Amino acid sequence: MSRKLLSLLLLILVTSALAVTVSAQDEEEQTVFHLRGTVVQSIGEYPDNFSYDGSNVIALDRPGFFEVHVDTETNTGIMFARFYVNEYQMDADTLLEDAQVTVIFPLFGAPTGVMPEYWEGGIATDVDLHGNSGHEAPVLPTVFNALASWGPALVFVDGEQVMGGEEIMGVPNVTGAFAGHVMYTNEVRDADTGVVYNEAMDAPYSPMAPADGIATDDDVSLLHLIVRSEVRDDEAFPPFSMFMHFNFLDVQELGMDEINPMLMEMEPMTFEGMNAMMESMEMDEVRAALGEQMGQVMGLINMTEEALFGEESD
Ligand SMILES: [Cu+2]
């Protein structure tokens, strides 16, 4: 065999091997996520919701969970969390004491359809956020997100909804939502101390030096749950009058047999659907219909909690 022919053959072999790798990766790209995190930490509270030095990172002593069930291609699905705080300053005037907190993220994206490109329609995959990534404020060092979402979040304390402002994302706030944000990222805090370190790990991270953080990696293990008001408050960091920041560790990917069948039968909410309702129905009818839907979700959350932890704690 001539040397020329041999190298040609080798080239073909190498090229087709690459092609196989690329198409295998394409096929493997995950678009449906079923996740559950169960080890809950509160990350600071009003007026410091990041506690970089770890001093107000608290492992909650009662069991809680955060479940994510989404299709990242259609930007639909649902996420919900249930946990219990002993003492938690939610805003300047509200101290939650011995309270049950439930958060529902019923839909994703923006009602107007106008949103940053990196949101990928409301649920993004494989994206760097924060730090010096150019996406989001540098409130954390750059983190790799296998999954990240933006959209309305409904907050309930002891079963009663805490109402967000009159408007949200530029439209009437029919669901009483706050602004929600979720990330599924690599570890970013020291497991023992809760500190967010700088790159040298000799001082806490500072948003003033957004490039100076620990390196990202694609070993994702942590769900971040963030809810905030649209009303600003310059006394607080980040500068919003209400902000909730919880981390869920020990995240597991759920098999189909671990998912409540009721959840798979639920019709996902969309902004298109909600906008159509608002055009064809009276506002209080819309509120009643959405309230009924959220009641069903609350039932599902109660069932999930009971299945996971036995009797509901109170
Ligand atoms: Cu984020």
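Strand β4, residues 65-71, is mostly covered, with five of its seven residues buried. The model is predicted. In it, β4 pairs in the antiparallel sense with strand β1 and also, again in the antiparallel sense, with strand β5. The chain has 314 residues, of which 35% count as buried.

**Strand β4 and its partners**

- Strand β1 covers residues 32-37, and its antiparallel pairing with β4 runs over six bridges.
- Within that pairing, Phe33 has Val70 of β4 as its bridge partner.
- On the pairing with β5, which spans residues 76-91, there are seven bridges.
- His69 is bridged there to Ile78 of β5.
- The hairpin formed by β4 and β5 has four residues between the strands, and Asn75 takes a positive phi near 55° in this hairpin.

**Nonpolar core**

- The largest nonpolar core contains 65 residues, and Val103, Ala153, Leu223 and Leu225 have the most contacts inside it.
- Strand β8, residues 143-157, supplies the largest share of this core, namely nine residues.
- In soluble globular proteins, nonpolar side chains tend to be buried together.
- Leu225, one of the residues with the most contacts inside the core, touches Phe66, Ala81, Val103, Val182, Phe246 and Phe248 when residues up to four places away in sequence are not counted.
- Among these partners of Leu225 is Val103, which is itself listed with the residues that have the most contacts inside the core.

**Phe50 and its loop**

- Phe50 is found in the loop between β2 (39-43) and β3 (57-59).
- Phe50 has 19 other C-beta atoms within 10 Å, so this residue is partly exposed; a residue counts as buried at 20 or more.
- Leaving aside neighbours within four places in sequence, the contacts of Phe50 are Ile43, Gly44, Val139 and Phe237.
- One of these, Val139, is 89 residues away from Phe50 along the chain, yet their C-alpha atoms are separated by 7.6 Å.

**Chain overview**

- The secondary structure comes to four helices and 15 strands.
- Taking contacts between residues at least 6 apart in sequence, 64% join residues at least 24 apart.

Technical notes:
Residues numbered from 1 in each chain as written. Predicted model: local features only at pLDDT ≥ 70, side-chain atom pairs only at ≥ 80, totals over all residues. Core = buried A, V, L, I, M, F, W, Y, C linked by C-beta atoms within 7 Å. Buried ≥ 20, exposed ≤ 12 C-beta atoms within 10 Å, placed from the backbone. Helix = DSSP H or I, 4+ residues; strand = E, 2+ residues; numbered from the N terminus. Contact = placed C-beta atoms within 7 Å. Pairing = 2+ DSSP bridges.
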